[in-house]
Amino acid sequence: MRKTAYIAVALIFVLPISLSVVRAEDDNISLSERLHDDYGVEALGFAETRWGTRMVDDENEDTLSLGEARFQVQLDRDFDSFQIQFKGDLLADAVTEELEADIRNLSLSFSPSDMVDIKLGRMVSTWGTGDLVFINDMFPKDWQSFFIGRDDEYLKQASNSIRTGLFLGDYTINLVYTPRFQGSEFVSGERLSYFNPGAGQIVGQNMIMADDAPDAYFEDDETSVRLSKRFGGVETALYGYMGFWQEPEGMDATTGKAIYPRLNVWGASARSPMLGGIGNIEVGYYDSFDDEDGLNPYIRPSEYRFLVGFERELAHELTGGFQYYLEMIDEYENYEQTVAPGMEARDEYRQMLTMRLTKLMMQQTLTLSLFAYYSPTDNDGYVRPKFQYKLSDNLLVDGGFNLFFGENEHTFWGRFQDNTNAFVGVRYSF
């Protein structure tokens, strides 16, 4: 089976490159040029292969952390009154030994009036002001892809939604309705190990987490809304979300399966130029209303979240971004009472600092970057140094490390400390 996957990897990588360079003998134009000229279709895409390996021995996980080939094609067609977009991936994964197809965008966009934009279908949605810290952005994520070294694009997942924009003078109202809860891709032990509180240790494929996700259309739905307005140079927004925790933050005591409790989120943000850079602030209240008083030991309690950040150019071709994040448990005294003997209680306050440095070199063909999380309260963190080198207009190589550390195994980053890995990729765009 693994041999089959490797063959598929090779075929998928070679095929699109061949298609992109083959030119018709009669008119010497590429396939993408022919699509545009004959049908008005804008065609883009890439083929890439990525490989990664663990740098820490983990008896419960494969040494190969990443081994895949991916082919993505994007097709856009504008008509007089609407637009159709498609972006799809075909993935051959040598770790799971599976072939997967993923539609990241298949949508219809139109504007019934000057005041309204509507987009229907499958799409990636995002908002908020944080840099890799999300408070009011409750759209699904795939941190597992991020932690093994896939392109940053794959951190954000697509969902089947209706997205509308209503423009009322200086005010804009955006609403995203997802008729069936999707949830984020979480670390379950199948590919990356994690700390299991019940087992009291880090586990992996020996104890894969089973979950029971809500899946009833129009009953287990999600609604996200944003009201935004600019005051001079200050962008402000209010947010609301009604749905579920994006990762399984509860447990069904009868089945032992992880569950997704109900969640409402209310928040606000502001972003403004300041001190030669851009500053941002964002707050949110996570109302875990299946456990409003914090006394249910099987459901994550309600929380307050706060973020402040600043980014600017530090030197020629060098930019830096810094953030402070605070998470506070609501009704902490009640939460403490629910912690079972022998289990580690979370701190009432969890603080975290982040730093992003980006340096462009060699006429901007080489990009060096570093993103780091560090929590002084948990004494744990995650560091992601990375390089990206553009060999030509079509060919790009990149690579880096995912470095996890922590004083204790049960803390947010400490639970992933056996997943430290290195990765490298090659991409051909067309």
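The side chains of glutamate 303 and arginine 305 come together in a salt bridge, at 2.8 Å from N to O, where a salt bridge means a side-chain nitrogen of Lys or Arg within 4 Å of a carboxyl oxygen of Asp or Glu. The model is a predicted one, in which local features need pLDDT of at least 70 and side-chain atom pairs count only at pLDDT 80 or more, while totals for chains, interfaces and linings use all residues. Residues are numbered from 1 along each chain as its sequence is written, and side-chain values use heavy atoms, with hydrogens and water left out.

Glutamate 303 counts as buried because its relative accessibility is 0%, and arginine 305 is likewise buried, at 11%; buried means under 20% relative accessible area, exposed over 50%, and partly exposed in between (1.4 Å probe, protein chains only). Both residues belong to a network of salt bridges that also includes Glu249, Arg300, Glu327, Arg346, Arg350 and Asp378.

The structure holds 28 salt bridges. One of them joins the side chains of arginine 50 and aspartate 398, at 2.7 Å from N to O. Arginine 50 lies in strand β1 (residues 41-54) and aspartate 398 in strand β22, so this pair ties together parts that are 348 residues apart in sequence, strands being DSSP runs of E with at least two residues, numbered from the N terminus. Both arginine 50 and aspartate 398 are buried.

Aspartate 93 forms a salt bridge with arginine 150, their closest N and O atoms being 3.5 Å apart. Aspartate 93 is buried, with a relative accessible area of 0%, and arginine 150 is also buried, at 11%.

Notes. Helix = DSSP H or I, 4+ residues; strand = E, 2+ residues; numbered from the N terminus.
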